[in-house]
Amino acid sequence: MALPRLRTVALVAGTALLTRRALRRRIARSPLWPMPALPEPVSGHSQRRATAIRRLLITERVPVAEGVVQLRLEGAALPRWQPGAHLDLVLPSGLVRQYSLCGDPDDPGTYTVATRLVEGGRGGSREVHEQLQEGAEIEVRGPRNRFPLVEAEAYVFVAGGIGITPILPMLRSLAARGANWRLLYGGRSRGSMPFLDEIERLGAEGGRVTVVAQDEAGHPDAVAALADIAPGTAVYCCGPEPLMAAVTAALPEGCTLHLERFSATATASSADSAAFEVELHRSGRTVQVAAGQSVLAAVREELPHVSYSCEQGFCGTCQQRVLEGEIDHRDELLTDDERGDSMLICVSRCRGGRLVLDL
């Protein structure tokens with residue numbers, strides 16, 4: 001009885017060995033089998049999205065203006081950040097929202113963010129205001145910076161309401177080194193404008209700060225604020241879309257413009273768009289993107305692990321490499337070079353009938 005068993009074992013082992021050798025020869029002849037031998041995919045590997053998840057403790061929650069709360073988050077060995085950076089907060093419901101860091105970059109172990117309650121929004125700000133309390137833990141990703149403070153001969157800042165948050169650390173830095181800067185800061189009322197006392201102290205000498213409360217003086221005049229600035233001035237703006245559009249239109253020649261958006265523009269929409277198909281090259285699948293449906297939504301029906309965050313075209317989390325097809329870019333983030341072979345699948349679409357993604 002032992003001999004037949006030995007023969008059976010030897011036969012199975014020999015068959016397995018021959019199978020492995022045949023498989024190696026097949027892979028060597030065809031590097032695209034069984035999976036495409038393509039470059040590393042963009043999603044999850046871009047330097048822009050080096051976003052390890054950390055759990056931080058909320059050690060302070062304070063109101064800093066009407067409808068605005070500030071959260072102090074503490075943890076060990078936190079990555080350093082520079083003015084203009086933002087943090088992803090993974091809220092208890094699973095929603096992910098971006099908030100600018102408005103604390104001190106030299107304060108180790110601490111991140112500070114502030115958020116305004118947006119009535120009629122998508123729910124993120126209400127969750128922050130109602131559920132994030134002192135003593136709770138929250139998951140964060142980042143920080144990342146797509147609104148960095150560049151070197152310039154002079155600076156002009158235009159902020160509207162909560163748009164002051166990424167600008168505040170810049171003002172502190174410039175004031176500390178004696179740089180040439182000034183700020184136009186607008187809001188619905190003085191009580192609704194966060195960090196107003198500190199900002200007025202920073203600009204007390206030289207009349208650097210102009211505060212325009214809508215209930216007292218109407219809307220801030222971006223044209224007047226930029227009328228006499230010299231070439232080489234860096235102009236920074238963060239706030240409501242009409243304010244940013246006014247600053248863009250009024251920018252003098254020879255000056256650089258830096259914008260930070262907390263919401264998408266009207267072009268970042270899937271509405272009134274034609275249907276098309278998307279081939280997922282690595283996965284060997286094809287999905288249909290309906291008119292009015294985002295590529296992200298269609299792809300996640302097949303690949304639910306695909307990363308995403310803002311779903312509005314300005315955070316970059318869902319960036320994917322495009323192997324074939326003409327892209328209809330509708331984002332607020334990618335550079336011209338990046339737009340050549342990648343897209344943000346939460347808002348951008350196809351100009352023809354078909355795209356091939358490296359997924």
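Five strands form an open sheet with parallel pairing, in the order 9-8-7-10-11. Strands (E, at least two residues) and helices (H or I, at least four residues) are DSSP runs numbered from the N terminus, and two strands pair if DSSP finds at least two bridges between them. This is a predicted model, in which local features need pLDDT of at least 70 and side-chain atom pairs count only at pLDDT 80 or more, while totals for chains, interfaces and linings use all residues. Residues are numbered from 1 along each chain as its sequence is written, and side-chain values use heavy atoms, with hydrogens and water left out.

**The parallel sheet**

- The edges are strand 9 (209-213) and strand 11 (256-260), each of which pairs on one side only.
- From one strand to the next, the twist averages 10°; axes are lines fitted to C-alpha atoms, for helices over the stretch in contact, and angles run from 0 to 180 degrees between N-to-C directions.
- Helix 7 (residues 241-250) packs on this sheet and touches strand 7, strand 10 (233-238) and strand 11, where contact means heavy atoms within 4.5 Å.
- The direction of helix 7 makes about 170° with that of strand 11.
- Six bridges join strand 7 (residues 154-160) to strand 8 (residues 181-187) in the parallel sense, and valine 158 stands opposite leucine 184 in strand 8.
- Strand 8 also pairs with strand 9 in the parallel sense, over five bridges; the bridge partner of glycine 187 is alanine 213 in strand 9.

- Six strands form an open sheet with antiparallel pairing, in the order 4-3-6-1-2-5.
- Strand 4 (96-100) and strand 5 (110-116) are the edge strands, each pairing on one side only.
- Here the twist averages 40° from one strand to the next.
- Strand 3 (residues 86-90) pairs with strand 6 (residues 137-144) in the antiparallel sense over four bridges, and histidine 86 stands opposite arginine 144 in strand 6.
- Helix 2 (residues 124-131) packs on this sheet, touching strand 1 (53-65), strand 2 (68-74), strand 4 and strand 5.
- The direction of helix 2 makes about 115° with that of strand 5.

**The chain as a whole**

- The protein chain has nine helices and 18 strands.
- Of its 359 residues, 45% count as buried, that is, under 20% relative accessible area with a 1.4 Å probe, protein chains only.
- Among contacts in the protein chain with a separation of 6 or more, 65% come from residues 24 or more positions apart.

Conventions. Buried < 20%, exposed > 50% of the residue type's maximum accessible area, 1.4 Å probe, protein only.
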